[in-house]
Amino acid sequence: MAIVFQHKIQQQLHELAASAARPFVSWTEPLEDIDPVSFFMQGPACGFRERFFWSDRSGGTVFVGLGSAYAIETEETDGRFQYIEQERRRWAGQIEQHGEADMPPLLFGGFSFDPHRPPTSVWCGFSAGKLVAPAVLLSVKNGRTLLTVTLPAGGMERDMERIGRLLRRMEEPLPFSATLPTLISDEEEEKERWLTAVHEAIASIRTGRLEKVVLARARRLAFNAAIDAAFVLARLREQQPFAYLFAFEQDGRCFIGASPEQLVQKEGETCRSVCLAGSVRRGGSATEDEQLGAWLQADSKNREEHQFVVRMIRSLFSTVCETVEMPAAPQLLKLPHIQHLCTPVVGRGCLEPSVLRLVELMHPTPALGGTPRERAMEAIRSLEPLDRGWYAAPIGWVDADGNGEWAVAIRSGLLDGNKATLFAGCGIVAHSDPTSEYEETNVKMAPMLSALGVMNND
């Protein structure tokens, strides 16, 4: 089966390349059901040094990319979104599409949280903005599975060899690792400095300079062997069934997570977002869980924090959409380790042609940066003792029509060989308690700790 499928794709692409009027050709074929995580796992063994994985919260839309046919990358600061959008439009005009016509070319990637902050070596390879068009894309959407191969019209032989290897291996998938490596060290990232930063942020808020600022911290883990990103992804899929699952790997470094938070989705003239701010842990029993949820909905500090996000997103949607729909009061979003105040927002008659423009307007929301935005960003640069890199930043996909979906890259970590750096943050307002905020970050690290097989004893 794989050999016949491989020859069919190879023949079609070579024929198309010979007569192509554009620099790239793509061919899309229906595929029998295949496990997306298993497909992701095959990448390194087949010679692909770039991988990505994306699954929406329902698991109904999944994209897995291997290799890079084309990449758009920038280290610009203020103009990075405009540059990426300009190059996206140019890229869309460079491809000849064939086969299944309902799968427009897709780019996947992300942005750094703050391009004005000098990057450190921890995030080598993760630029201020980067989108990748995969050489091989597995798409699962609306119950259909498709395989899309995109290659340059000239010089496709090396990639075809990798693709052939991939198709042959798909019939005999590799087994997942039976066990996770053993934890050998667990380093706190400057706890006392972080607590001091929270105290300073509260003092600044009480003077009236800020209303809210989000401060993040990191935890560095080392294991006795290399961490298998595909196995971690499989555990996240099992343990976090209602989250956005994402992974973006560059030369062995993999940024991976299970985020509950949608930044923005655009489909035609409809756009959606979710206001997510204010949180508390899950209860040990149904009664305790219900009590904690009721407390969260009534707590003034968390309601205030949530309203900052609601006001910002409602105001922004009102400027780019003809109508905006949202409930009058926040709902509870209950996840395995934590529950959040949650307000969904729907905008209809969206005037912006590309989801990337919406990403630019929305990032960072008060849930990830603070308010007022610029003063909060200045405070983060001054107070926060780490390089966020792509943590808490937009990650997602966009197609040739400007549609796409983006999440906020929280509940995440950076895997590098046998090391993992985990990140978590919380919103600081006037009535915040530094010790409680620190405990909240431990709760937020629980999904990644669990996926890595580490018990969170803090």
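One term before we start: the axes I will quote are lines fitted to C-alpha atoms, for helices over the stretch in contact. And keep in mind that this is a predicted model.

Start with two helices. Helix α7 covers residues 286-298, and helix α8 covers residues 300-320. How do they pack? Their axes are 5 Å apart, at an angle of about 60°. That makes α7 oblique to α8. Now the residues in the contact. On the α7 side we have W295, L296, Q297 and A298. On the α8 side we have S300, N302 and R303. Sorted by class, the contact of α7 with α8 holds 3 nonpolar, 3 polar and 1 charged residues.

Next, the nonpolar cores. The largest has 83 residues. Which residues make the most contacts inside this core? They are V213, L215, F255, W406 and I428. As background, nonpolar side chains in soluble globular proteins tend to be buried together.

On to charges. Searching the whole structure turns up 25 salt bridges.

Pair one is E73 with K130. The closest N and O atoms of this salt bridge are 3.8 Å apart. The two residues come from distant parts of the chain, 57 residues apart. E73 is in strand β4, residues 70-74, and K130 is in strand β7, residues 129-133. K130 is at 9%, so K130 is buried.

Pair two is R217 with E188. Their side chains meet in a salt bridge at 2.4 Å, N to O. Again, distant parts of the chain are linked, here 29 residues apart. R217 belongs to strand β11, residues 212-223, and E188 to strand β10, residues 183-188. R217 is buried, because its relative accessible area is 1% and the cut-off for buried is under 20%. E188, at 31% relative accessibility, counts as partly exposed.

R281 is partly exposed, with a relative accessible area of 39%. E288 is partly exposed as well, at 26%. Beyond the pairs, there is a network: K212, K301, E305 and E437 are joined by salt bridges that share partners.

Last stop, helix α10, residues 373-383. Two residues here. R375 is partly exposed, at a relative accessible area of 40%. What does R375 touch, leaving aside residues up to four places away in sequence? The answer is G208, R209 and L210. Look at E211 too: E211 and R375 are 164 residues apart along the chain, and their C-alpha atoms are separated by 9.5 Å.

Then S382, also placed in helix α10. Buried or exposed? S382 counts as exposed, at 55% relative accessibility. Take H431 as a reference point, 49 residues from S382 along the chain. The C-alpha atoms of S382 and H431 are separated by 21 Å.

That's my tour. Questions, please.

Technical notes:
Residues numbered from 1 in each chain as written. Predicted model: local features only at pLDDT ≥ 70, side-chain atom pairs only at ≥ 80, totals over all residues. Heavy atoms only, no water. Axes fitted to C-alpha atoms, helices over the stretch in contact; angles between N-to-C directions. Helix = DSSP H or I, 4+ residues; strand = E, 2+ residues; numbered from the N terminus. Parallel < 35°, antiparallel > 145°, perpendicular 65-115°, else oblique. Contact = heavy atoms within 4.5 Å. Nonpolar A, V, L, I, M, F, W, Y, C, P; charged D, E, K, R; others polar. Core = buried A, V, L, I, M, F, W, Y, C linked by side-chain atoms within 4.5 Å. Buried < 20%, exposed > 50% of the residue type's maximum accessible area, 1.4 Å probe, protein only. Salt bridge = Lys/Arg side-chain N within 4 Å of Asp/Glu carboxyl O.
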